[in-house]
Amino acid sequence: MSILWEKSGTWRWIVRQTKESKPFFLAFATICGVVPGVIGYGVMQITNSRNQQLESHLRHNAPPDSLMRHQAAVEVQHLVASRMMGKVNKDRLAEYLGELQRKEDTNDRYVAALRGETLTRTPYVRIQPVPKESNSESNKQQQK
């Protein structure tokens, strides 16, 4: 930095201005951060390839350690997906247990499950009414 200070009048002017003026300092700091970021982003967009043939060629010729890193990345994505599914299942179970605690009628869940469907809904709102046949059949079974 001392070389710049001793040799460059422009650098000395910038340093003086940043000392004296807070808006100039903020503008200079923003330019120093944003301009390289924009240039880097542009370079990444230009050099990023979506060519499937090129990607398959590069994967075929890649060293084994890079393939292992790719496999690890895929495993991490799988782990994230399984955690998300776990959260969804936990939320659905919490909703179901809440309905049981409130002693709500949950027969529509069984009907949907028999059809291979999953009921999704906002809490406390039924999306699919229970067919009349199922209610009458369950009443007959309860009376026996």
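## A helical model and its side-chain pairs

Val 35 is partly exposed, with 42% relative accessible area. Partly exposed sits between buried, under 20% relative accessible area, and exposed, over 50% (1.4 Å probe, protein chains only). Val 35 lies in helix α3.

This is a predicted model, in which local features need pLDDT of at least 70 and side-chain atom pairs count only at pLDDT 80 or more, while totals for chains, interfaces and linings use all residues. Residues are numbered from 1 along each chain as its sequence is written, and side-chain values use heavy atoms, with hydrogens and water left out.

**Overall build**

The protein has seven helices and zero strands. Along the sequence the pattern reads α-α-α-α-α-α-α. Helices (H or I, at least four residues) and strands (E, at least two) are DSSP runs, numbered from the N terminus. Of the 144 residues, 10% are buried. The accessible surface is about 12500 Å², and carbon and sulfur atoms hold 61% of that surface. Such areas come from the Shrake-Rupley method with a 1.4 Å probe; for residues, only the protein chains shown count as cover. Contact means heavy atoms within 4.5 Å. Among contacts with a separation of 6 or more, 13% join residues 24 or more positions apart.

**Helix α3 and the annotated segment**

UniProt, in an unreviewed entry, places a "transmembrane region" at residues 24–44. UniProt positions follow the numbering used here, feature names are shortened, and annotations may be inferred rather than shown by experiment. In the model, residues 24–44 are 100% helix and 0% strand. The end C-alpha atoms of this stretch are 30 Å apart.

Val 35 belongs to a nonpolar surface patch with Ile 31, Ile 39 and Val 43. Together the four have about 360 Å² of accessible area. Patches take residues with over 30% relative accessible area and no salt bridge; like charges are joined within 9 Å, nonpolar side chains (Val, Leu, Ile, Met, Phe, Trp, Tyr) within 5 Å.

**Aromatic pairs**

How many aromatic pairs are there? The count is two. Rings of Phe, Tyr and Trp (its six-membered ring) pair if their centres lie within 6.5 Å; planes under 30 degrees apart are stacked, over 60 edge-to-face, and the rest tilted.

| Pair | Centre distance | Plane angle | Type |
|---|---|---|---|
| Trp 13 and Phe 24 | 5.5 Å | 80° | edge-to-face |
| Phe 24 and Phe 28 | 6.5 Å | 5° | stacked |

The Trp 13 and Phe 24 pair links distant parts of the chain, 11 residues apart. Trp 13 is in helix α2 (residues 9–20), and Phe 24 is in helix α3 (residues 22–47). Phe 24 and Phe 28 are four residues apart in helix α3, so about one helical turn separates them.

**The salt bridge**

Side chains of opposite charge can pair when their charged atoms come close. The model has one salt bridge, meaning a side-chain nitrogen of Lys or Arg within 4 Å of a carboxyl oxygen of Asp or Glu. Which side chains form the salt bridge? Asp 91 and Lys 87 do, at 3.2 Å, N to O. They are four residues apart in helix α5 (residues 64–101), so about one helical turn lies between them. Asp 91 is partly exposed at 43% relative accessibility, whereas Lys 87 is exposed at 52%.
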